[in-house]
Each structure stands twice: as C-alpha cells, then as structure tokens.
Amino acid sequence: MPLVSVIGDKSSAGAGSIKEDAGCDTVFAEGKAIVQGIPSNKTNAFPDGACDDGNKHCNQTGPVKGSGSVFIEGKAIHRVGDERGCGHTTVASISTVYAN
C-alpha cells in the first residue's frame, strides 16, 4: 500500500515540490496537508528536475492520478508513486500514513 502524498513532496525527476494549493483543508499527515489528486490542476507543483525551456516538466508537474477508493473533500487523494502531468511520479517525504 503506498504512502499518501503531502504538500512539498517532490517529483521522481527531482525538485517539482507540490504547491500549497494542491492540499486539502481538513486532513493532514505528519502535520502537512494531504494532496488531492483527482480532479487536479497540472500546474500546482513547481518545475521538476527535467524542466528545459518551457517543456511539460516546467509547467505541468502537478498531480493528476490518485486513489480509486480513498477520497477527501470529494477528491481522490494523491499517493507516492502516482503520476503527475509531466509523466513522472511523486516521491515520499513522510513515512507513516498509507492509503489504498
């Protein structure tokens, strides 16, 4: 079972931290807001390590996939290993909260 993703988690390409606006307002893990994955906005993460002159790694690094069974505020949560808009995945910054 994968770990949940939280604000500040990075891309598997390096950098690309998930921005505050991708987090939910009511549920936290290790003091950080849990990230909502679907529906989402591809732009709610910073450019990742593969950013090169405006490609999708510069402006589409936000979470786009999430759990099929765990929802917060009506949106599927994003988990470590779930896909981002640029095709990379999210890397964990916490170690204690898991979700299917």
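Tutor: What follows takes the sheet, a core, the cysteines and the rings in turn. This is a predicted model, in which local features need pLDDT of at least 70, side-chain atom pairs count only at pLDDT 80 or more, and totals for chains, interfaces and linings use all residues. Residues are numbered from 1 along each chain as its sequence is written, and side-chain values use heavy atoms, with hydrogens and water left out.

Student: What order do the strands of the open sheet have?

Tutor: The order is β2-β3-β5-β4, four strands with antiparallel pairing. Strands here are DSSP runs of E, at least two residues long, numbered from the N terminus. Two of them pair if DSSP finds at least two bridges between them.

Student: Which are the edge strands?

Tutor: β2 (23–29) and β4 (71–72), each of which pairs on one side only.

Student: How many bridges join β2 to β3?

Tutor: Three, and the two strands run antiparallel, with β3 covering residues 32–38. F28 has A33 as its bridge partner in β3, and A29 has K32. The hairpin of β2 and β3 has two residues between the strands, and E30 takes a positive phi near 50 degrees there.

Student: OK, new topic. Which residues make up the largest nonpolar core?

Tutor: There are nine: V4, V6, C24, A29, I34, I72, I77, I94 and A99. A nonpolar core is a set of buried Ala, Val, Leu, Ile, Met, Phe, Trp, Tyr and Cys residues joined through side-chain atoms within 4.5 Å. Buried means under 20% relative accessible area, exposed over 50%, and partly exposed in between, with a 1.4 Å probe and protein chains only. Another core, of six residues, lies apart from the largest one and includes I7, I18, A33 and V35.

Student: Is I34 buried or exposed?

Tutor: I34 counts as buried, at 5% relative accessibility. I34 is found in strand β3. Leaving aside neighbours within four places in sequence, its contacts (heavy atoms within 4.5 Å) include V4, V6, C24, A29, I72 and I77.

Student: And what does V6 touch?

Tutor: Not counting residues up to four places away in sequence, V6 touches A29, K32, A33, I34, V35, S93 and I94.

Student: Now the cysteines. Which ones does a disulfide join?

Tutor: C51 and C58, with S to S at 1.9 Å. A disulfide is a pair of cysteine sulfur atoms within 2.5 Å, and by this rule the count comes to one. The torsion about that S-S bond is about 100 degrees, so the disulfide is right-handed.

Student: How exposed are C51 and C58?

Tutor: C51 is partly exposed, with a relative accessible area of 35%. C58 counts as buried, at 17%.

Student: Last one: what lies over the face of F46?

Tutor: K19 does, at 5.0 Å from the ring centre. A charge sits over a ring if NZ of Lys or CZ of Arg is within 6 Å of the ring centre and within 35 degrees of the ring normal.
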